[in-house]
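Reader: I have a two-chain model open on my screen and would like to be walked through it. Could we take it question by question?

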Amino acid sequence: MVTNITSFGRSGLSDWLMQRVSAVIMALYTVFLVAYLLFNPGLDYYTWSGLFDQTWMRIFSLLTFISLAAHAWIGLWTVTTDYLKSTPQRVGAQMLIILAIFVYLVWSIQILWGA
Amino acid sequence: MSNLQVSVYRYNPETDSAPYMQEFQVDTKGRDLMVLDVLHLMKEQDSALAFRRSCREGVCGSDGMNMNGKNGLACITPLSEVIKDNKLVLRPLPGLPVIRDMVVDMGLFYKQYERIQPYLQNDTPAPAIERLQSPEDREKLDGLYECILCACCSTACPSFWWNPEKFVGPAGLLQSYRFLVDTRDTATQERLSELEDPFSVFRCRGIMNCVAVCPKGLNPTRAIGKIREMLLAEAT
């Protein structure tokens, strides 16, 4: 057993499962958005804004953003543990990444509910 | 053309400040020799050339090395399988510290092997005869027990290169699954609980170099997938 404190779920198994589930959610969201754009060729602001006014779309979007946050945390944490061998560098990079993910997540909530 | 050009990795820490590649011309007399035979012909030219070998028939796993960029056992790799443009480049197994020339320090590899407790554990009283297994249960060990620990797979694995102290590596994990799936072993829970961290098993990124190089044709990636399935079944 190798201990760790900066990985997303503190467990390889939970990170592994989360990485796969979040990937599926992001894939579904991408397919939906691409299909929506294809079926609405003359898209205007009111239709686009109307889509994001609906609660189910906000939940779907937020779910995707949370998935993206988790996915990025797990993925970039793995990259830092592979390539950054100096502990201050690695911990520093991990803190920066987690902070940036937090900022983006809060910002995306503000965008979703602010408009 | 019977003169083969061989470039071999040389390093003697007592006399060399840095490793270098030495060129040899080897007369193969037109035969399709094994790479190990070529090494012996080179040793006749320079007796200081150091490499490991023992059984010379792919059983002991001593002569794992990197031949024209691919890991394998020198004793069962014919020249026709590896040479390009009549040139052969021999290097020690990548990622492990070099002791001298082609001889590497396998310490880290064995440490990871030791970690997975590669022996049968059974806390029930020993029967008067052997612990019996059905033919079906015995079949589950096929493709696992054949591993000869030559380290070709683990030293071809980038995840093992980056984290050799934390990632068990394909060879160790193949053996880990060999004992996890053995119906005579009763330490399954304890074994699994040692493996669920983000490194030991889950640092495998499915690169599958291990499968590509295994001289015995084994599939560590499949075994790692099975360990993940067992962990998932246990924890959900």
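**Helices, contacts and marked sites**

Reader: Before we go on, which pLDDT must side-chain atom pairs have to count?

Author: Residues are numbered from 1 along each chain as its sequence is written, while chains are lettered from A and ligands numbered from 1 in the order in which they are written. This is a predicted model, in which totals for chains, interfaces and linings use all residues, local features need pLDDT of at least 70, and side-chain atom pairs count only at pLDDT 80 or more.

Reader: Are α1(A) and α3(A) parallel or oblique to each other?

Author: Axes are lines fitted to C-alpha atoms, for helices over the stretch in contact, and angles run from 0 to 180 degrees between N-to-C directions. Angles under 35 degrees count as roughly parallel, over 145 as roughly antiparallel, 65 to 115 as roughly perpendicular and the rest as oblique. Helix α1 (residues 12–39) and helix α3 (residues 55–83) of chain A pack at about 140°, with axes 8 Å apart. That angle makes α1(A) and α3(A) oblique.

Reader: Which residues of α3(A) does α1(A) meet?

Author: Contact means that two C-beta atoms, placed from the backbone, lie within 7 Å. From α1(A) come Asp15(A), Met18(A), Gln19(A), Ser22(A), Ala23(A), Ile25(A), Met26(A) and Tyr29(A), and they meet Phe60(A), Leu63(A), Thr64(A), Ser67(A), Leu68(A), Ala70(A), His71(A) and Ile74(A).

Reader: And how do the residues of that contact of α1(A) with α3(A) divide by class?

Author: Ala, Val, Leu, Ile, Met, Phe, Trp, Tyr, Cys and Pro count as nonpolar, Asp, Glu, Lys and Arg as charged, and the others, Gly among them, as polar. On that basis, the residues of the contact of α1(A) with α3(A) come to 10 nonpolar, 5 polar and 1 charged.

Reader: Which feature does UniProt place at Tyr83(A)?

Author: Tyr83(A) lies in helix α3 of chain A. With 11 other C-beta atoms within 10 Å, Tyr83(A) is exposed. UniProt positions are given in the numbering used here, with shortened feature names, and annotations may be inferred rather than shown by experiment. At Tyr83(A), the unreviewed UniProt entry places the feature "binding site".

Reader: How far apart are the end C-alpha atoms of residues 91–113 of chain A?

Author: For "transmembrane region", the unreviewed UniProt entry lists residues 21–39, 59–79 and 91–113 of chain A. Residues 59–79 of chain A are 100% helix and 0% strand, with end C-alpha atoms 30 Å apart. Residues 91–113 of chain A are 100% helix and 0% strand, and the end C-alpha atoms lie at a separation of 33 Å.

Reader: Which element gives the largest share of the side of chain A that touches chain B?

Author: Here 11 residues of chain A are in contact with 15 residues of chain B. The chain A side has 4 nonpolar, 5 polar and 2 charged residues. Its largest share, 4 residues, comes from α1(A).

Reader: Turning to chain B, what percentage of its 236 residues count as buried?

Author: Chain B has 9 helices and 7 strands, and its C-alpha atoms fill a box of roughly 60 × 35 × 30 Å along the principal axes. Of its 236 residues, the buried share is 37%.

Reader: Is Met208(B) buried or partly exposed?

Author: Met208(B) lies in the loop between α7 (188–193) and α8 (209–213) of chain B. Most residues other than glycine have a negative phi. Met208(B) is not a glycine, yet has a positive phi of about 70°. Because it has 17 C-beta neighbours inside 10 Å, Met208(B) counts as partly exposed.

Key: Helix = DSSP H or I, 4+ residues; strand = E, 2+ residues; numbered from the N terminus. Buried ≥ 20, exposed ≤ 12 C-beta atoms within 10 Å, placed from the backbone.
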